[in-house]
Amino acid sequence: MLSNFIPPYSATVIENLENAGCISVGKTNMDEFAMGSSNETSFYGNVQNPWGLNLVPGGSSGGSAAAVAAGIVPAASGTDTGGSIRQPASLCGITGLKPTYGRISRWGMIAFASSLDQAGPMARTAEDCALLLNEMCSHDEKDTTSLDEKIPDFTKNINSSIEGLKIGLVKEFDLSKLDTDVVKVFEESKKHYESLGAKFVEISLPNISLSVPTYYVVAPAECSSNLSRFDGVKFGKRCENPKDLEELYIKTRSEGFGDEVKRRILIGSYVLSAGFYDAYYKKAQQVRRLIKNDFDSAFKNVDVIMSPTTRGAAFEAGSKGDDPIQMYLEDLFTIPANLAGLPAMSIPNGMIEKKPIGLQLIGNFLDESTLLRAAHNYQITTDWHLKTPEVMS
Amino acid sequence: MSWETVIGLEIHVQLSTSSKLFSGGSTAFGAEPNTHVDLIDLGLPGVLPVANRGAFHKAIRFGLATNAVINQTSTFDRKNYFYPDLPKGYQITQMTLPIVGKGSIKIEVEGQEKIINITRAHLEEDAGKSIHDLFDGETGVDLNRAGTPLLEIVSEPEISNAKEAVAYFKAIRQIVTFLDICDGNMAQGSMRCDVNVSVKKSGETKLGTRAEIKNINSFKFIEKAINYEIDRQIRILESGDSVVQETRLYDSIKNETRSMRSKEEANDYRYFPCPDLLPVVISDDELKEIRDNLPELPDEKEKRYVEESKLDYSEAKIIASSKTMANMFEEACAKTKDSKLIANWLVGDISALLNKDNIDLEESKLTSNNFAMLIERISDKTISGKIAKSVLEEVWETGDDVDKIIESKGLVQIQDESLLETIAQNIIDNNPSQVEAYRGGKDKLFGFFVGQVMKETQGKANPQSVNEILKKLLS
C-alpha cells in the first residue's frame, strides 16, 4: 500500500535521535501496518530470526529485534501497540522497552491503534535502552497525547541496589498452561531477583483475563478508522483502471492490504457499527478502564510486576498456520500494559533449546526508571543478554 | 385536513480563524486549488491533529451570546466515511460532548417574537471540494477548504414555517457577524444549512417522518425549498402514502427537491471518540475573559441608541440589526454629533437604495468613512440635503470619495446671502404676475419662487437662506 510512498517529513522520535547524534542506517522490516506477531504479515516477506533462520523473529518490530540480535546495529527503535517491541525482543534475545503511553511523541509514526501505540528503544542492554530513552522522549506540541511531564535522566539511578524492591506476581496468570521449560526459566529469574534482595508479593488483577478480547476490539476499531486514509486517492497505491469511485476504493484496498490487515479492518468496522457499538466498543472501553484500575490498585503494593514476556521461545515460520487466534494469544502477557498505558520491558532471562526467551517487567505510570534499575541490576549479575547467535561468530 | 409543519435547522458556520481547526494551514478563501493544504490537512500517514484554541473561543462566544451551556470539557469524535474530498476517511467532529450545549435565540416574524431553542453547537472540520465539471470524465479535488473550522448549530424542531426558518437563519447570521466569529458571506459558503422538514396532522403530538434537505446557502432558497417540501409531503400524505425518511437536494433552477439517498442507503458513520485528541478543557479564567470581552450585541446596541443617541425605537432597531450599519452609525456619530440626521440617512435614503438593489450594506460601495464624510458635509452646510442625495447616488454607483464628487461637480452650497438676495430679487422682478397672486393670498406659489432660485443656482443655494430671503422680499 505504501511501497511507493516517501514521506516529505520525519518523525519526532527520529529527529530526536538524530539530534542526539544517532545515525539512521535504514528502515527495518515489520509486520504490515504493525499487525502481526511473527513478521509473517510483512508485505516484503518475513524477517528471519538470527537464532535460527527457520524461526520467526516475532513481531511486529521483528526487523529491529533481529538487526540488534544479529549485531547489525547496536540499537533500533520499535513501536509497541500490544507487545510489538517486547515480544520480538524476547524471541531474539535482546532488551526492549515500551515506555508509558505519551512519553514519546507519535508524530510521524503511522498510526495502528492511536490510544495504544508507543515507540520505544530496542538494544542489547537495559542501560543502552535508558540512554536511548533519554533522547527519544520529548513533549511534542504536534502530538496532544504526548505527555507534558518532566523527563528524568533514566540512567541516573540505574546502578542503585534493588534491595527491598517489591515485585508483584499476578495471581491470574496461570503459568501451569505454559511449557515446563518456560516455567523453569521464570522460576530461576525469581530466585535470582530474590538473591538481589527483591521481595515477591502476589497481586490480583481480576480483569486481566479480559485483556486479549478487549484489545482485539479496541485496536481493530481504531485501525479501521486510521487506515481509511489509504484509499488510492492521494498517495500510496492506486489500483489500475477503476471504472468508478467505488471500484477505486474496493480494488485499491483489496489489492493493497494483506489478509491480517483486512481482518482487523473488518473486525474494527463491525465493532463500531450502529447496533454493535455498545456491545463491543463501549464495553471494551469500560473493561479497559477496569484493567487500568486493577493495575492502579496493584501498584499501591508493588514497584514492578513480573511475568514471562511470551508463552514460549521463537516458533518456526508457518507453524501457527492460518489460525489467527493462536497468533493473537502470543501477546497474552504484553497486551495489558498497552491497555493500561504503563511502561513495560522485556529482558533476556534464559534459553530454551538454544533459543532465547525474555522476562517481562511492568512498571507504574511514568516509572521507567524503576523498571530500568530492576533490569540493569539483573543484567549486571547475569549474562543472558550477552549471548549471541551463531550467525555472529 | 389541516397540517402542521415542523422544521429544524442545522447551520454550518465557517469560523473566521486564520488557520484551520487542526493544522496551521491557511483558511483564506479563493486561493489556487490545493495551495492551502499542509501535511495534516492532507491526512498523510503518521500526522496528528492539534486543536485550534481560537476556534474554541469563537464557539464559546456564540454560546455565551445565545445563553447556552458551555461545556468546559468537550471531546472530539470521528465520523467515518469514504469520499475523495475527505482526506483521512473520517471527519473529526464533536458528537458526544460538544463545546456548546442548550441555548436559545429570539426571532421576529411580522412583528411577532418567538424563542427558538438551540440543541447544541459543536466544532468540526470541513471537507474539501469535489469538482465534477472541470475535467471531462474526471473529478478534481481541492483540499483548500479541508480542515476549515465549522460551528454546526443545531436547532430544536420548533420552527413552524419557511418564514420562521429564514428569520432564524438571519438571526444566527446576525449574531455570528456581530460576534466577529464568521464573515456571514453566504456566496462564499461561509454559512450553509441543512433543513429537516416534517409534516403532521394539526394537534398530533407525534412528529411526522422527516426529510433532510442538504446544503442550502441562501435565504431565498431556504424559503423556497421548505415550501416546496411542505407541499410535497402534504401531497403524499393526502394521497394516503407515507413520507420516506431520506436526504434530499434542493435544485434552485427547477425549484424542487429530489431524493439523494434513503435512510437505508445512509452511511453508518461508526462514530467513536478520536484517540488522537485529548478532551479540551476551558478554565474558569479563560471563560471569564471571553465573557468580559464579548462584543455588544444588537439588542444592547438598540437600547443604547435609544437611550444615549435619542433615536426612535424603530430607527434604533433597523440600525442595530446590521453590524455594518451599526458601525457606520457609530463612526459618523464620532465625527458629527447630529445622531438624528445620521439615523435619518441610514434608515431613509440608504435603506431605500439597499432595497432597490436588494443587497446588504456590506455589499455596497458605500464605506463608513465616506458616509461619515457625507454627513459632515451636510452638517457643516457645504452641501444641502438635496445635493447630498445626488452625491450619495454617485457614491453608490462609483464608490468615489464624497469630497472629490462635491469638488469636481462644483456642488458646494452657495452661502453668500447677498448673492442669493440678488438672484431672488431678479426672479421677483421678472415674475410680477406670480408676485401679485402670492401677495393676494396664493401661499402655495412660495414654492414656485424657491424652485426658481434653486434652478438659477443649480440646486446649490442653501435652502434655509433662500426661504428666509424670499419671505423677506415677498412680504
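**Exercise 1. Helices H8 and H9 of chain B**

Determine how the axes of helix H8 (residues 323–335) and helix H9 (residues 339–357) of chain B are placed, and which residues make the contact.

*Solution.*
Step 1. In this predicted model, the axes of H8(B) and H9(B) come within 10 Å and cross at roughly 150°. Helices (H or I, at least four residues) and strands (E, at least two) are DSSP runs, numbered from the N terminus. Axes are lines fitted to C-alpha atoms, for helices over the stretch in contact, and angles run from 0 to 180 degrees between N-to-C directions.

Step 2. The angle therefore makes H8(B) roughly antiparallel to H9(B). Angles under 35 degrees count as roughly parallel, over 145 as roughly antiparallel, 65 to 115 as roughly perpendicular and the rest as oblique.

Step 3. The crossing of H8(B) over H9(B) is right-handed. A crossing is left-handed if the near helix is turned anticlockwise from the far one by less than a right angle, and right-handed if clockwise.

Step 4. H8(B) contributes B:Met325, B:Met328, B:Phe329, B:Ala332 and B:Cys333, while H9(B) contributes B:Ser339, B:Ile342, B:Ala343 and B:Leu346. Two residues are in contact if their C-beta atoms, placed from the backbone, lie within 7 Å.

Step 5. By class, these residues are eight nonpolar, one polar and no charged. Ala, Val, Leu, Ile, Met, Phe, Trp, Tyr, Cys and Pro count as nonpolar, Asp, Glu, Lys and Arg as charged, and the others, Gly among them, as polar.

The conventions are as follows. Residues are numbered from 1 along each chain as its sequence is written, and chains are lettered from A and ligands numbered from 1 in the order in which they are written. This is a predicted model, in which local features need pLDDT of at least 70 and side-chain atom pairs count only at pLDDT 80 or more, while totals for chains, interfaces and linings use all residues.

**Exercise 2. Helices H13 and H16 of chain B**

State at what angle helix H13 (residues 417–430) and helix H16 (residues 463–474) of chain B pack, and classify the residues of their contact.

*Solution.*
Step 1. The packing angle of H13(B) and H16(B) is about 50°, and their axes are 10 Å apart. H13(B) is therefore oblique to H16(B).

Step 2. H13(B) and H16(B) cross in a right-handed manner.

Step 3. Among the residues that meet are B:Leu420 and B:Ile428 in H13(B), and B:Ile469 and B:Leu473 in H16(B).

Step 4. The residues of this contact comprise eight nonpolar, two polar and two charged.

**Exercise 3. Helices H6 and H7 of chain B**

Describe the crossing of helix H6 (residues 298–307) and helix H7 (residues 313–320) of chain B.

*Solution.*
Step 1. The two axes come within 8 Å and cross at roughly 140°. H6(B) is therefore oblique to H7(B).

Step 2. H6(B) passes H7(B) with right-handed geometry.

Step 3. Of H6(B), B:Pro298, B:Lys301, B:Glu302, B:Tyr305 and B:Val306 meet B:Tyr313, B:Ala316, B:Lys317, B:Ile319 and B:Ala320 of H7(B). The contact holds seven nonpolar, no polar and three charged residues.

**Exercise 4. Domains and chains**

Identify the domains of chain B, and describe its contact with chain A.

*Solution.*
Step 1. Chain B is assigned domain 1 (3–286), domain 2 (296–408) and domain 3 (417–474); such bounds come from an automatic or database domain assignment.

Step 2. The centres of domain 2 and domain 3 of chain B, taken over C-alpha atoms, are separated by 32 Å. Four residues from domain 2 of chain B and four residues from domain 3 of chain B form the contact.

Step 3. Between the chains, 24 residues of chain B are in contact with 33 residues of chain A. Helix H1 (39–42) and strand E3 (77–80) of chain B are the elements giving two or more residues to the side of chain B that touches chain A. That side has 15 nonpolar, four polar and five charged residues.
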